[in-house]
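Dear colleague,

Please find below the structure that I am handing over to you. My notes on what was found in it follow.

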Amino acid sequence: MTALLEIEGLSKNFGGVRAVQWLSFAVNEREILGLIGPNGAGKTTLFNLINGVFVPDEGRVRFRGIDITGKAPYRVARHGLARTHQIVQPLTDMSVLENCMVGACFGRENLPLARAEVVAREVAVEVGLGDRLSTPAAQLTIVGKKRLELARALAARPMLLLLDEVLAGLNPTEIERMIGTIRSIRERGIAILIIEHVMQAIMGLSDRIVVLNSGQKLAEGAPAEVANDPSVIEAYLGDPALAAALHPGG
Amino acid sequence: MFGIVASIVDGVLIGSVYGLAAMGLTLIWGVMDVVNLTHGAAIVAGMFALYLLTSAAGLAPYAALPPILAGGFLVGVLLYWIAVHRMIGRPPLMSLLSTFSVNLVLIGLGTAVWGTVLFNVPVTLPGVSWQGYTFPGTHLLAAGLTAVMAGLLYLFLYHTRLGKAVRAVADNREAAELAGIPTTQMLSLAFGLGVALASVAGMLIATLFPFTVLAGDAYQLKSFVVTVLGGLGNPAGALLGGIALGLVEGLAAPFMPVSWTLVIEFVLFVAVLIVFPGGIFAFRRS
Amino acid sequence: MRQDAFKSGDVRAPILRRPFFWIIALVITAFGLAPAVANDVELRESLLLAAVYITLASNLNLMLGYTGYINFGSIVFFGLGGYICVFLMSAHDWPLAGAVLAAGAAVSLFALLFGLGILRLRGAYFALATIGINEAVKAFVSNFEPWGGSSGLYLSTEIFMPLGGPMQALWVIYFLMVGVMGLSLYLSYGIKTSKFGLGLMAIGQNEDAAAMLGVRTPLYKAFAYSVSAFLPALAGGLYFFKSAFIQPVDAFDLGLSTEAMVIVMLGGQGTITGPTVGAYLYEELRGRLLTSETFSNFQLVISGALLLVIVLFLPGGLMGWIYGRWPRMKRVLE
């Protein structure tokens, strides 16, 4: 498997606080890589560093072999990297369809308006918003807004999708459904880097896990390895019995 | 040689008053992320308040400072509730438009009442001579009073409970709310303070130069330039920026007709924005 | 406020089939025919002014209504366009057509360059820069001798000869101005229904999100700013040609861009009908009030108060209110 996204030695300070320190790992094609860690571990900051919201102090970010370190967000999007946010950012007065069209028009494929509408519809149906195409984004429920966030990212036809706590605030049924959607996205060949706090979900979904603590990589490996890693348990999972319970397969 | 030095010193004195005006603007901007487009009107109000208090009420010029400060504060709080309160949290477009429209109303009323004629408040004060140059007493006292106001602001913001509450709201409104601070009242307080500072600056400018109802625009632009130089939400930077602007004006004055000043200041404004989007003395927030 | 312009199927409907296209055509025809048929010079003059307002407001709407960036000094395009046109005609004997188009091109280019520099900045900074630019350009022109300094430039009356003499020329200018107005309306409509417009609207909704979705925000903003300069520059060229005289205080009258702003907000920002309806309403209001001597001093006060009320209580303007009451109107009147 070739590496799709390579993070090398990434560091970022904010006025003396080291948000991310010497972080290195890779996301491979067709892989779901889970990113976990306590609050304040630097996960969202990492996303911001990858897609150009922040410029790293040190280190490189390579996507499909191209150095995208510090490039502006819209350039990163054009390379085929899409992202959702922890706090959803809908284009509030625009409809679901229009929101998705923005993703389709300005994403990797840079589609013209007519073609973008077709893609936008498909994507909206795929995430379950097919019945609400004309609804203004502001009028969606929180679940709807999360789905819209995902649909918009998908409409850009990315090769790598960055998901930031897409399951937060959802009830168990909705979580199941979203997990299914995420799996089907991977089936289509899109790699996924996912930040999540819903342990069971992320352990079950991910092919590999990277654990972050205080901006540094604490551990990396298959979910089972990571769950059994003593330093991870100490820092994050806390209770060994809990860790055992979360181990996929019982 | 000394001509230049005198220009520089005078520029610093006057510039500090620009800094005072800008402090009001930057305070509001920093605390509630609102650009107060009534800033120019507030400055003009201070000017005309001085005129009215000295001519109609017979008050000695500098004795008008306390009432203007208080009056400016009250007007500021009122303005907050009328035009700003409902715009907090909405797109910046909205607060720009609301404060802009209030400015229109105020300047419109002003021109209706006072026209566009030049007004002057005669203030005589013995000057200070040095090396054959006389620095007008008015300039010195204006700078001195500016220093006092700046000092008072500093004491308020850093050594009183109320001031610390205002700073907390500026830092993170949600956190301040959770800590039990009545954030809306702090916002109105900050706005009142901002307008009060602008009014006092206007009063001091009126002791230095003649003015018209339309003078607000020019001083508002100066305040914007200074705010951008000093960094948003940074009153100390505003004072330094004001002095810097005064320096530039002082240095340029012997070489350039006054009507070009506006062009230069605007070019400076744009240039600084392009090169230093955060302001030259930008205050790093962690 | 973004109204739903992309209804299912509409995106692929050819432009000539869309009702709104013909509504605009109707308005333009009405403007053109009314004074001509009635041979009413007074009507023509007041419609000329209306056409100028509609042009200024529609183009301002591209920034204000679509991207959410306020261009306070939009009148600078009008004034500069006027100056370049009058200068080329008086000092260099250019014909009207050439001078007007050159003015448009020059002002657009200037706006593009200025915009590229200034539009990296966010909303508030940009607005401040536009407040200053009008004053700075006015101050510059007032000191610029080749353009007449503060006394301005004159055109001799011979200038109307190629158009068939003064009386005829006034009619020609009128029809040209109606043409510029029509182009402004079609430009707004065309942009709104294009991919460029979608990007602008996204910026207006949430600039950060738009950037992350791939919209090239600095370029799009600068481009919108530049495009919004072209037709007002043409209008300025025509207007001051007609007056045969231009001076800084008239050319760079901030009051006019303020009125354009009030018109956009009154009619409904982000819509195409808005500026037109707003211009009509505003003119009516002004006409009523100006008859009284006292009120003429209060013109600014009225504009300001009106703007404040709209921003506080009816931010969507008249069209916003109509869309709220009769949602179907969104499909017909954009």
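**Helix 9 of chain B**

Helix 9 of chain B is largely enclosed by the rest of the structure, because 14 of its 16 residues are buried. A residue is buried if 20 or more other C-beta atoms lie within 10 Å of its own, exposed if 12 or fewer, and partly exposed in between, the C-beta atoms being placed from the backbone. Helices (H or I, at least four residues) and strands (E, at least two) are DSSP runs, numbered from the N terminus. This helix covers residues 215–230 of chain B and reaches 23 Å from its first C-alpha to its last, close to the 22 Å expected at 1.5 Å a residue. The expected span is 1.5 Å times one less than the number of residues in the helix. Just after helix 9 of chain B, B:Gly231 takes a positive phi of about 95 degrees.

Please note that this is a predicted model, in which local features need pLDDT of at least 70, side-chain atom pairs count only at pLDDT 80 or more, and totals for chains, interfaces and linings use all residues. Residues are numbered from 1 along each chain as its sequence is written, while chains are lettered from A and ligands numbered from 1 in the order in which they are written.

**Helices of chain A**

Helix 5 of chain A (residues 142–155) has 14 residues and reaches 20 Å from its first C-alpha to its last, close to the expected 20 Å. Helix 5 of chain A is mostly covered, with 11 of its 14 residues buried. Among the buried residues are A:Lys145, A:Arg147, A:Glu149 and A:Leu150. What covers them includes strand 6 (81–83), helix 3, helix 4, strand 7 (160–164) and helix 6 (172–187) of chain A. Just after helix 5 of chain A, A:Arg157 takes a positive phi of about 50 degrees.

Helix 3 (residues 96–106) and helix 4 (residues 113–127) of chain A pack at an angle of about 115 degrees, with their axes 8 Å apart. Axes are lines fitted to C-alpha atoms, for helices over the stretch in contact, and angles run from 0 to 180 degrees between N-to-C directions. The residues that meet include A:Val96, A:Leu97 and A:Cys100 in helix 3 of chain A and A:Leu113, A:Ala116 and A:Glu117 in helix 4 of chain A. Two residues are in contact if their C-beta atoms, placed from the backbone, lie within 7 Å. The residues of this contact divide into 12 nonpolar, no polar and two charged. Here Ala, Val, Leu, Ile, Met, Phe, Trp, Tyr, Cys and Pro count as nonpolar, Asp, Glu, Lys and Arg as charged, and the others, Gly among them, as polar.

**Where chains B and C meet**

In this interface, 33 residues of chain C are in contact with 32 residues of chain B. The side of chain C that touches chain B receives two or more residues from each of helix 4 (96–118), helix 5 (123–143), helix 11 (254–267) and helix 14 (299–313) of chain C. Helix 5 of chain C gives the most to that side, with 14 residues. The residues of that side divide into 22 nonpolar, 10 polar and one charged.

The axes of helix 4 (residues 92–114) of chain B and helix 5 of chain C come within 9 Å and cross at roughly 35 degrees. B:Pro92, B:Leu93 and B:Leu96 of helix 4 of chain B make this contact with C:Gly123, C:Ala124 and C:Ala127 of helix 5 of chain C. The residues of this contact divide into five nonpolar, one polar and no charged.

**The largest nonpolar core**

The largest nonpolar core has 282 residues, and those with the most contacts inside it are B:Ala190 and C:Met177. Such a core is a set of buried Ala, Val, Leu, Ile, Met, Phe, Trp, Tyr and Cys residues joined through C-beta atoms within 7 Å. Helix 8 (residues 183–208) of chain B gives the most to this core, with 16 residues. Leaving aside its neighbours within four places in sequence, B:Ala190 is in contact with B:Leu27, B:Ile28, B:Val31, B:Met32 and B:Val166.

C:Asn39 has a positive phi of about 50 degrees although it is not a glycine. C:Asn39 counts as exposed, because it has 8 C-beta neighbours inside 10 Å.
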